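This briefing walks through selected parts of one structure, topic by topic. Please keep the sequence and the coordinates at hand while reading.

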Amino acid sequence: MSLQTVSRVANGEPNVNDATRDRVLTVMRELGYRPNLAARAMRRGSYKTIGIVYQGLHAVGTRRTVEAVSEYAALNGYATTLMPIAAATGLATSGAFTRLEEMAVDVIVSILTSQLEFDTPMQVPPGMHAILIGPQSNPDVSAMDSDQIGGSEAAVSHLLEAGHHTVHHIAGAPGSFFAARRQETWERMLRERGRPVPEPLQGDWSAHSGYLAMRRLIETTPREELPTAIFSANDQMALGAYRALGEEGLRIPEDVSVVGFDDIEEAVDFSPPLTTIAQDWDLLGREVLRVASESLDGAPPQRVLLPTRLVVRESVAAPRPR
């Protein structure tokens, strides 16, 4: 049996008959053979591995991004290496990049959910390909984000067009790029239409923070002045708001309309089902792999803005007199 045939079997190439493949695999198992990935990478010019840098998986967006990239990496024959960092600093992020370079990855995907505290500038190792999920903070690497502004505009417009005089906002975690964009867009939309801009309610992305924010508003506001419309920066905080409103005897959407952001799987099972802004996680995974592949082929850095869309369910109605 030739070395070329053994190599074809080890590399999973199709042009080997089944009987020969079975014999080779049997011998490989008996000998405990494992392919030398470093040698294979030198021959192919690729390690077929994507490294993902992230700060934590508690946020829905980060978790769904990791899942989408990992799934589409696997479909395209790539392994995935995860590299969590303890703090969103330039030093921590650069250190993670360096460790991934030592682990021989082809492309780094960095999920930036908060403003980096640039104690030292974030450094991408020379020759390393990187994709930032979030605002493009380095013109030398590719960046990808969902249309936070367009999605927030759609959410606020939907509530105003339903007849609400203004819209209250439950904001995401302080320091978050995504929370800031959604809050800034909400405020701009109200000002452009000459509507009152209420003080935003501060959350931290969790359902409990949405509950506490809504409880504080209820406890400090006369009932006749309570909001008729709420735009929550994510669906989880909207769920907390549902609970607080229900405890007060306020019905959704008869008394208060609510729109979320993210379109989590559970949104359709809220009572009533939540109107929200959907981000296309599958498309994000596909686009990351496309940009990664094109980068490895020599393409220049790309800026990709992914569409968001309004998903209308049953949590919005015209306001009723109180």
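Leaving aside its neighbours within four places in sequence, with which residues is Ser146 in contact? Ser146 is in contact with Gln279, Leu305, Leu306 and Thr308, where contact means heavy atoms within 4.5 Å. The model is a predicted one, in which local features need pLDDT of at least 70 and side-chain atom pairs count only at pLDDT 80 or more, whereas totals for chains, interfaces and linings use all residues. Residues are numbered from 1 along each chain as its sequence is written, and side-chain values use heavy atoms, with hydrogens and water left out.

**Strand β5**

- Ser146 has its place in strand β5, strands being DSSP runs of E with at least two residues and helices being runs of H or I with at least four, numbered from the N terminus.
- Ser146 counts as buried because its relative accessibility is 4%, the term buried meaning under 20% relative accessible area, exposed over 50% and partly exposed in between, with a 1.4 Å probe and protein chains only.
- The side chain of Ser146 makes a polar contact of 3.0 Å with the side chain of Gln279; a polar contact is a pair of N or O atoms within 3.5 Å, and within protein one must be able to donate a hydrogen and the other to accept it, while residues adjacent in sequence count only if both atoms are side-chain atoms.
- Ser142 also lies in strand β5 and is buried, with a relative accessible area of 3%.
- Not counting residues up to four places away in sequence, Ser142 touches Ala130, Ile131, Leu132, Val291, Ser295, Pro301 and Gln302.

**Helix α7**

- Helix α7 holds 16 residues (177–192), which at 1.5 Å a residue should span 22 Å, and its end C-alpha atoms are 22 Å apart, in agreement with that expectation; the expected span is 1.5 Å times one less than the number of residues.
- Just after α7, Gly194 takes a positive phi of about 70 degrees.
- The buried residues of α7 include Phe177, Phe178, Arg182, Trp186 and Leu190, and among the elements that cover the buried residues of α7 are β4 (129–133), β5 (142–146) and α6 (148–161).

**The open sheet and Ser257**

- An open sheet of 4 strands runs in the order β7-β6-β8-β9 with parallel pairing, two strands being paired if DSSP finds at least two bridges between them.
- Because β7 (201–202) and β9 (257–259) stand at the edges with a single partner strand each, one side of each is left without a neighbour in the sheet.
- Strands β8 and β9 run parallel and are joined by 3 bridges, and Ala229 stands opposite Ser257 in β9.

**Nonpolar cores**

- Of the 28 residues in the largest nonpolar core, Ile170, Met214, Ile230, Leu245, Val258 and Leu274 touch the most other members; such a core is a set of buried Ala, Val, Leu, Ile, Met, Phe, Trp, Tyr and Cys residues joined through side-chain atoms within 4.5 Å.
- Helix α9 gives the most to this core, with 6 residues.
- Apart from this core lies another, of 22 residues, among them Tyr72, Ala73, Val107 and Val109.
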